[in-house]
Amino acid sequence: MAEFLQFAVLGLGAGGAYAISGLGLTQVYRGSGVLNLSHGAMALLGGVLFVWAYERWNLPFPIAALIGIASPAAVGALIELLVMRPLRESAPLVKIIATLGVLAILQQFVPLIFGQDFQTQPVSSPYPDGSLRLGHDISLTYDRLIVVGVTLVLGLVLRLVMTGSKFGLATTAGAESPLVASTMGVNTNMIALLNWMVGAGAAGLAGVLLVPILGSLSPDPIVLLVIPTLAASMIGRFSSYGLTIAGGLVIGIGQSLLVRYQSDIFGEKFNGGWPDALPFIIIIVILVAGGTPFPKRGEVATRLPSVGRAVVSPLLGVVFSVLLAALVFLASDRLATQLATMAAFGIVALSLVVVTGLAGQAALAQLSIAGIAALVSAALSHSAGWPFLAVLMAGVLAGSAAGVVFALPAFRTRGPTLAIATLGVGVALQNVLYSNGNLTLSNVYGGTPVETPSLFGMSLDAVAHPQRYAALAMLVMGLVAVGVSNLRASPTGRRLMALRTSERAAASSGIGLSLSKTAAFVVSAAIASLGGVLMAFQHASVTYDSFDVLDSLNMVIFALIGGVGYVLGPIFGALISPSGIFTYVFFGHDNVQGWLIALGGIGLILSLIFNPDGQMKPFRNLWTRLGGGRKPAEVRVGAPVAERPEAKLEVRGLSVRYGAVTAVDGLDLTIEPGKIVGLIGPNGAGKTTAIDAISGFAGTTDGTIALGETDLSAISPQGRSIGGVGRTFQTVEPFNDLTVAENLAVALEPVRWWHWITDLFWIRKVALPASVRQAAEEVGLTDLDATPDELSQGQRRLLGVIRAISAGPAVLLLDEPAAGLNRAETEHLGTILRRIATQRGIGMLLVEHDLAMVTAICDHVVAIDFGRTIFDGAVDDAIHDPTIRSAYLGDSDTEDVPSDDLDQDLDDAITATTNG
């Protein structure tokens with residue numbers, strides 16, 4: 001027990017540093033809403049400057065520490081002024097990606113400024129010697145005691161400032177509503193600037209305190225301090241300083257205990273790396289426990305880089321790839337070697353087009369997946385003697401399996417939190433697997449040996465025949481690019497882009513979110529694995545420093561500069577990356593790769609500010625102006641939509657509660673086939689919540705929902721859609737990256753598991769049933785090749801209605817379908833809905849504020865207020881019902897008011913109602 005407690009006490013030093021860094025990260029988040037992934041790099045900057053001032057310049061400890069704290073604080077101010085302020089209106093994920101650029105700059109400029117040998121700088125401890133006895137065999141060294149003391153003092157000061165000062169109140173007000181805070185005289189720019197300075201200064205303080213305990217300036221562990229920092233801040237929910245401190249200390253203690261007991265827990269073979277993986281495990285648990293399968297209503301999807309729409313002929317693409325590979329034989333040995341490296345890097349970067357560009361899933365550790373493939377292929381090559389093609393396939397399969405693991409957090413997280421989760425998975429792989437020589441079968445040189453590859457009897461030795469190996473790599477890169485282009489233009493790609501735009505709308509169209517996300521990660525992982533195997537066989541043995549998480553982040557940076565929405569974007573990124581042609585051009589120059597990464601960080605920030613779609617977007621625009629733009633896509637006539645048996649929707653006792661608030665209370669509804677039921681009520685009555693509950697997007701507290709003989713209560717939203725429940729949304733949610741025809745066809749096109757493979761090899765064109773095309777033309781959607789951003793607001797809403805109808809639902813839930821339409825468009829839409837309901841036997845639930853439309857097409861009306869039903873009857877009776885008048889007009893005494901005046905007042909009140 002004494003040994004256990006002693007190791008726990010030893011972890012207080014690192015835990016205190018995590019807590020201090022977490023306090024800084026929390027402060028930045030509270031002041032600006034940004035998760036700063038460069039926080040660890042700021043700690044590195046602070047630690048290095050402190051050591052330089054203390055050791056080399058012989059400055060007193062207080063002055064050296066002040067330099068180590070003030071310098072990151074100044075950098076924090078520059079980040080807010082030069083990066084975050086121009087990106088103020090950008091999505092949170094974009095701001096996180098911008099901090100990756102800052103990370104690259106700081107990570108590389110530190111060695112560039114202080115020299116590559118700065119890691120060998122001796123670090124003497126400024127802490128007093130000795131320890132405090134806590135028991136017979138337990139002692140707390142003074143360095144740990146000081147770190148914990150500083151942590152507690154800093155946490156107390158921040159709490160007092162944030163709760164009892166104008167600065168704290170202004171920070172809270174600015175975080176909750178910047179616009180309102182500005183109108184109250186709060187200088188939100190200055191508040192954000194000061195919070196960035198405080199947060200960055202805390203990171204510098206963590207570096208100052210931690211470096212003497214570590215005894216070295218090794219950059220990677222300090223830069224990756226951001227992982228335990230994130231875990232500590234998540235425990236504190238990015239708001240509580242006390243919980244953040246507790247989280248940091250617990251993580252430090254847990255890591256210290258794992259250092260001692262991991263071999264006892266996991267065995268000798270799996271010993272190693274688990275202490276560093278502990279924060280990742282905590283992050284995943286918190287994210288999964290606090291996440292949701294679907295975005296909340298009103299949650300705005302992250303604006304991702306645009307997606308290229310050009311369709312490349314597969315045959316032309318293959319021919320071009322072969323010619324590109326053939327040209328490699330004209331290159332010198334050194335150039336061929338560099339081209340092979342670039343091509344392998346480019347293949348891994350292309351995997352981002354699938355998972356991020358098409359599917360919209362933030363993935364920051366693709367090289368970690370590539371490392372799995374490299375390890376498996378190398379092990380089978382050397383230990384089992386498998387031929388090259390066999391190990392290539394085995395590596396791809398192993399990497400694809402790893403893609404499933406990376407996909408798991410995506411089931412309940414998205415955007416910034418998913419980016420953090422994938423980053424954590426990469427860190428865990430790096431620490432637990434790649435650093436364990438027992439698992440990687442590494443030889444005395446620290447790598448996994450590989451046998452010389454050959455194909456059809458021809459040696460592909462990358463050293464003896466660099467042109468051959470480079471030609472293979474370039475050919476594979478070209479073919480992968482063609483495959484990704486094919487996927488984009490096929491039903492599988494269209495499903496991914498629907499998912500990217502709106503997960504709620506995709507699920508309501510019958511698209512399985514978990515399945516689609518898993519498929520995106522698996523296909524992406526398979527592509528990354530191809531690059532990983534090619535990287536493995538370029539050398540005599542595989543060393544895993546090429547697959548660490550920092551290199552993965554660098555790859556993301558260069559892919560984003562090129563544009564992850566365009567097939568050529570990651571290839572352009574590979575070209576300018578440290579793996580690309582500039583390394584060949586500037587061969588022999590000192591620190592060329594470091595300079596390229598630092599410049600890449602600068603380039604990423606500039607791209608996010610001035611050209612967030614990547615460098616391929618201007619080339620595409622130029623190509624369009626020169627007449628080479630995308631030609632109108634051929635829309636084939638698809639198979640008719642299968643007729644669905646008529647079914648009655650019955651809702652009984654439906655209740656939805658959010659904590660102490662009852663949004664829907666005991667709602668009863670019956671929607672007969674071919675009938676339209678109007679659901680009306682004042683603002684906040686619970687109408688949209690009722691639709692969310694019926695369609696599966698809101699959990700129900702009580703009640704039953706049945707369609708015909710099928711109980712829908714336990715079925716997912718996509719399952720309900722497939723089963724016959726269609727819906728539209730109060731907010732306009734078209735799939736912005738798809739054309740009108742693709743929007744209408746996305747839920748109708750068959751997608752089986754094998755299509756995720758076959759669609760890489762050939763294109764399946766858009767197929768639209770004649771009835772769906774006719775319905776679109778009736779509401780004025782005649783240009784099937786137009787994208788939603790080319791339509792008017794009214795046309796975008798009509799597109800959502802026709803998309804819901806096109807799947808042939810048994811019952812259709814319409815949430816304010818006429819919002820944004822003029823009177824003529826509203827009347828025309830009402831006529832179409834009435835005709836479709838009658839002719840096809842589709843039951844409809846209409847939530848609508850336009851009273852004229854409700855009275856014109858509805859057969860029955862249900863009115864609710866504060867979640868409770870206040871009327872259930874005929875349309876004519878609803879108009880004159882005093883309870884409804886009271887709910888809308890706020891006055892129950894209406895008996896003496898002329899009926900015509902009441903009708904007009906009620907019409908005005910309902911027309912003004914825009915949300916349920």
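## The six-stranded sheet

In this predicted model, an open sheet runs in the order E13-E15-E16-E10-E17-E18, six strands with mixed pairing. Strands here are DSSP runs of E with at least two residues, helices are runs of H or I with at least four, and both are numbered from the N terminus; two strands pair if DSSP finds at least two bridges between them. E13 (725–727) and E18 (868–873) sit at the edges with a single partner strand each, so one side of each has no neighbour in the sheet. On average, neighbouring strands are turned by 20° against each other, direction ignored.

Inside the sheet, E10 (residues 676–680) and E16 (residues 843–847) run parallel and are joined by four bridges. Gly678 has Leu846 in E16 as its bridge partner.

## A helix across the strands

Helix H29 (residues 687–695) lies across E10, E13, E15 (811–815), E16 and E17 (860–865), at about 150° to E15. Angles run from 0 to 180 degrees between N-to-C directions, with axes fitted to C-alpha atoms (for helices, over the stretch in contact); contact means heavy atoms within 4.5 Å.

## Two nonpolar cores

A nonpolar core joins buried Ala, Val, Leu, Ile, Met, Phe, Trp, Tyr and Cys residues through side-chain atoms within 4.5 Å, buried being under 20% relative accessible area (1.4 Å probe, protein chains only). The largest has 195 residues, with Leu100 and Phe547 touching the most other members. Helix H15 (residues 333–358) gives the most to this core, 17 residues.

Beyond its neighbours within four places in sequence, Leu100 contacts Leu37, Leu364, Leu553, Val556, Ile557 and Leu604. A second, separate core of 45 residues includes Val766, Ala837, Phe871 and Ala878.

## Ground rules

Residues are numbered from 1 along each chain as its sequence is written, and side-chain values use heavy atoms, leaving out hydrogens and water. Local features need pLDDT of at least 70 and side-chain atom pairs count only at pLDDT 80 or more, while totals for chains, interfaces and linings use all residues.

Terms used
Buried means under 20% relative accessible area, exposed over 50%, partly exposed in between (1.4 Å probe, protein chains only).
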